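Hello,

Here is the structure I promised to pass on. Please open it first, then read my notes below.

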Amino acid sequence: MEERKKRRGDRRDAYLVTDVTGLQKIMCHLWPKRTECEVYLHDVFDATELVKYLEKKNAEHPEYKTTVFHATVAGLARMLRERPMMNRFIQGRRIYEHKEAVISFVAKRRFADGAEEALMFMSPKDHENIDDISKAIYGDVREIRKKEHTEGIDDTIDKIASLPRFLVALIIGIVRRLDYYGRNLRFLTEGDPNYSSVTVSNLGSIGCPSVYHHLSNYGSCSMLVTLGTLHKEEITMPDGHREIRDVVDIGATLDERIGDGFYFARSLKLIRHIFAHPEILDMPLGENSGFDYR
């Protein structure tokens, strides 16, 4: 994404946004908490063409599998580039825009009750496409499942949690204050989904539908997307006839202070368009999709 020269008020990970309406600025003070300003959108997307596209692509590289989840991540990465307001967040009652499009998700080490979870974090680049993103996700998840213990932010969380309660409360109080001013230490923010542009929960991988999931007042993540199970469903086609199609349900929780429902709905239409025209996934992210957001 395009970088600009550092200005007064910028954070290490984001630019201060000043060209906003007075209403948006006032909303930051009237409703300072992200969880007070949640908007939830839910839709069922026709994934029939995407499934055909993935079947053909996976036949070409049987060593790893490109999935609907990978396609959704690639679509979100493109949306964050083409719709910059979707890459914004509010912290310390100020509006910022992430310097990069950062996508996070959680991977289970094993599909079993009580199995440990690992936090994954990626920032797709302008020259990358679905193949690069799919290889990165596949490789990272495979490696994390080989390891027996947590590392990075997971390891830090475990160490803090093992301390006496009064020390945990003191440390968390300091961390939250630093978070308010955008001054948290790098090792606490890098690899933490709370500091991503969007967190994606692939509920379809465990056979669940998409659900509402709350945002967090901590960090800088203003969007959480849940992806449900790919399944067959009868839907009405544009010409009016009914047909059994491959569909997937997607839910998105957003902070309404960074935009409005109209902007959000238009932005998420890109994911629907990509599912219907998956060839867009082969384009580099830095190349505009040409999608008409109207």
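**Helix α8**

The buried residues of α8 are Y263, F264, S267, L268, L270, I271, I274 and F275. Buried means under 20% relative accessible area, with a 1.4 Å probe and protein chains only. These residues cover an arc of only 150 degrees around the axis, so they lie on the same side of α8. The arc is taken from the directions from the helix axis to the C-beta atoms. They pack against β2 (38–46), α2 (48–60), α3 (68–82) and β10 (242–255). Contact here means heavy atoms within 4.5 Å.

This is a predicted model: local features need pLDDT of at least 70, side-chain atom pairs need 80 or more, and totals for chains, interfaces and linings use all residues. Residues are numbered from 1 along each chain as its sequence is written, and side-chain values use heavy atoms, without hydrogens or water.

**The sheet**

An open sheet of 3 strands runs in the order β1-β4-β3, with antiparallel pairing. Two strands pair if DSSP finds at least two bridges between them. Strands are DSSP runs of E, at least two residues long; helices are runs of H or I, at least four, and both are numbered from the N terminus. The edge strands are β1 (14–16) and β3, and each pairs on one side only.

β3 (residues 88–91) and β4 (residues 94–98) share 4 antiparallel bridges. They form a hairpin with 2 residues between them. In the turn, G92 has a positive phi of about 65 degrees. Q91 stands opposite R94 in β4.

Which residues of β3 are buried on each side? R88 and I90 are on one side, F89 and Q91 on the other.

Best wishes

Definitions and conventions
Buried < 20%, exposed > 50% of the residue type's maximum accessible area, 1.4 Å probe, protein only.
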